[in-house]
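Good morning, colleagues. Please look at the sequence and the model on the screen while I speak about helix packing, the ligand and some backbone details.

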Amino acid sequence: MTSPNSAAPRVVLGVSAGIAAYKVCELLRRLTESGHDVTVVPTEDALRFVGEPTWAALSGHPVSTSVWDGVAGVPHVRLGQAADLVFVAPATADLLARAAQGLADDLLTTTLLTARCPVVFAPAMHTEMWEHPATRANVATLRARGAVVIEPASGRLTGKDTGPGRLPDPAELFDVARHVLARGAAGRDLAGRHVVVSAGGTREAIDPVRFIGNRSSGLQGYALARTAVARGARVTLVAANVALPDPAGADIVAVGSAEDMRKAVLSAAADADAVVMAAAVADFRPAGYRGSKIKKAEGAEPEPIRLAKNPDILAELGETRRPGQVIVGFAAETDDVLANGRAKLARKRSDLLVVNQVGEEMTFGRPDNEAVVLGADGSATEVPRGAKEALAEVVWDLVAARLEPLSPD
Ligand code: CTP
């Protein structure tokens, strides 16, 4: 692969024959504009959706689908060997099947066989095809071999139908590519794992139009979900009132109140290897929901709102965990940060507690964070102020170190 800048990360962008190929032009633009050297390798049928000139012009490289073009350069071996990342989007059911079987009948499949770098598949297809046992088995095979196969998004498909099968947004696919490249040889240490992350802030209804809420934006939980996807995990993201784009590859369960969150988290935790409670869960809710809007009566004093205690989800996870499951909590403290953190870690029987000092401007809604991660084993890992993604990576490092090895079957 000739590169205008040999230091630029080399990406092979595989495109198979799905209508979502048009969205991948945007992914290609994002990759090239951020300094990646991208060679696009479509399948022959993919060119029915987006033509060769588009891929060539946007990538700045010639485009071929066949091992018979430019044979002197042995492209079917060279592309895969030289790549830092192979990213296939959209990955059709057929392409996943051919990759899982190890077929080598075009340039993309030969590249997949010769690549020793990280490989990401972003599937897109109709729900029936995605859920078919044959596709499930192919996805499982590819994941077991270390590939990242990200879950498709749910929503409107090509026809009138809706369901899982949509290609996630290009900006989110770009984020996965960036993360996987950044990890490089550190690899996909969460492959074969199911992790649950809660994010955002719960809302406790007072009446049909009012609620008690909090200032959590969901940024830290979303960073945890994104980084876990890039590390190969199956991710369930239980999101309470978050106004952020859906991270590619995470299965998102939207909830409102603490009670909704409890149900969703406990249900997803039943087969999870790790649960990270990054959400700000309201400790109290208004006692007795008013079915109709509270009116202000002229001249009368407002009625006080009495509060009832909410379930403590983290504490319940600590008590009911499956053997080997790693439980992580977050603690927002304003005073005596470490002492309060240690006490909370013990009280909630967590394995890890990410403690950060909060003030109105210090954490909420900011892209950065600083924290100390306390371990039940007495450890304390300081994470200096930096991107919430950097803190997320440290959390997953500490979780991965505590997971029991996967059984060989
Ligand atoms: N948490 C939870 N359920 C609740 C309250 C909190 O699961 N009802 C979780 C949060 O997601 C977080 C951790 O517990 O991971 C710590 O939350 P925090 O509010 O700091 O702890 P509290 O137990 O509420 O203690 P306090 O507010 O008294 O400091």
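Helices H9 and H13 are oblique to each other because their axes cross at roughly 55°; oblique is what remains once angles under 35 degrees are called roughly parallel, over 145 roughly antiparallel and 65 to 115 roughly perpendicular. H9 covers residues 219–230, H13 covers residues 388–402, and their axes come within 8 Å. Axes here are lines fitted to C-alpha atoms, for helices over the stretch in contact, and angles run from 0 to 180 degrees between N-to-C directions. Helices (H or I, at least four residues) and strands (E, at least two) are DSSP runs, numbered from the N terminus.

The model is predicted: local features need pLDDT of at least 70 and side-chain atom pairs count only at pLDDT 80 or more, while totals for chains, interfaces and linings use all residues. Residues are numbered from 1 along each chain as its sequence is written, and side-chain values use heavy atoms, with hydrogens and water left out.

H9 passes H13 in a right-handed crossing, that is, the near helix is turned clockwise from the far one by less than a right angle, anticlockwise being left-handed. On the H9 side the contact (heavy atoms within 4.5 Å) involves Leu219, Gln220, Ala223, Leu224, Thr227 and Ala228. Ala, Val, Leu, Ile, Met, Phe, Trp, Tyr, Cys and Pro count as nonpolar, Asp, Glu, Lys and Arg as charged, and the others, Gly among them, as polar.

How do H8 and H9 pack? Helix H8, residues 170–183, meets H9 at an angle of about 60°, with the axes 9 Å apart. Their crossing is right-handed. H8 contributes Glu172, Asp175, Val176, His179 and Val180, and H9 contributes Arg226, Thr227, Val229 and Ala230. Four of these residues are nonpolar, two polar and three charged.

H8 also packs with helix H1, residues 21–33: the axes come within 9 Å and cross at roughly 45°. H1 and H8 are therefore oblique to each other, and this crossing is right-handed as well. Among the contacting residues are Leu27 and Leu31 of H1 and Phe174 of H8. The contact holds seven nonpolar, no polar and three charged residues.

Let us turn to the ligand. Which of the 16 residues around the ligand come nearest? They are Met277, Ala279, Phe330, Lys344 and Lys348, where a residue is near if one of its heavy atoms lies within 4 Å. An oxygen atom of the ligand is 2.6 Å from an N or O atom in the side chain of Lys344. A ligand oxygen also lies 2.8 Å from a polar backbone atom of Phe330, and a ligand nitrogen lies 3.0 Å from one of Ile313.

Finally, the backbone. Most residues other than glycine have a negative phi, and most peptide bonds are trans. Ala89 and Pro90, however, are joined by a cis peptide bond, with omega about -10°; Pro90 is in strand S3, residues 85–91. Asn241 has a positive phi, near 60°, and sits in the loop between strands S11 (234–240) and S12 (250–255).

Definitions and conventions
A polar contact is a pair of N or O atoms within 3.5 Å; within protein, one must be able to donate a hydrogen and the other to accept it, and residues adjacent in sequence count only if both atoms are side-chain atoms.
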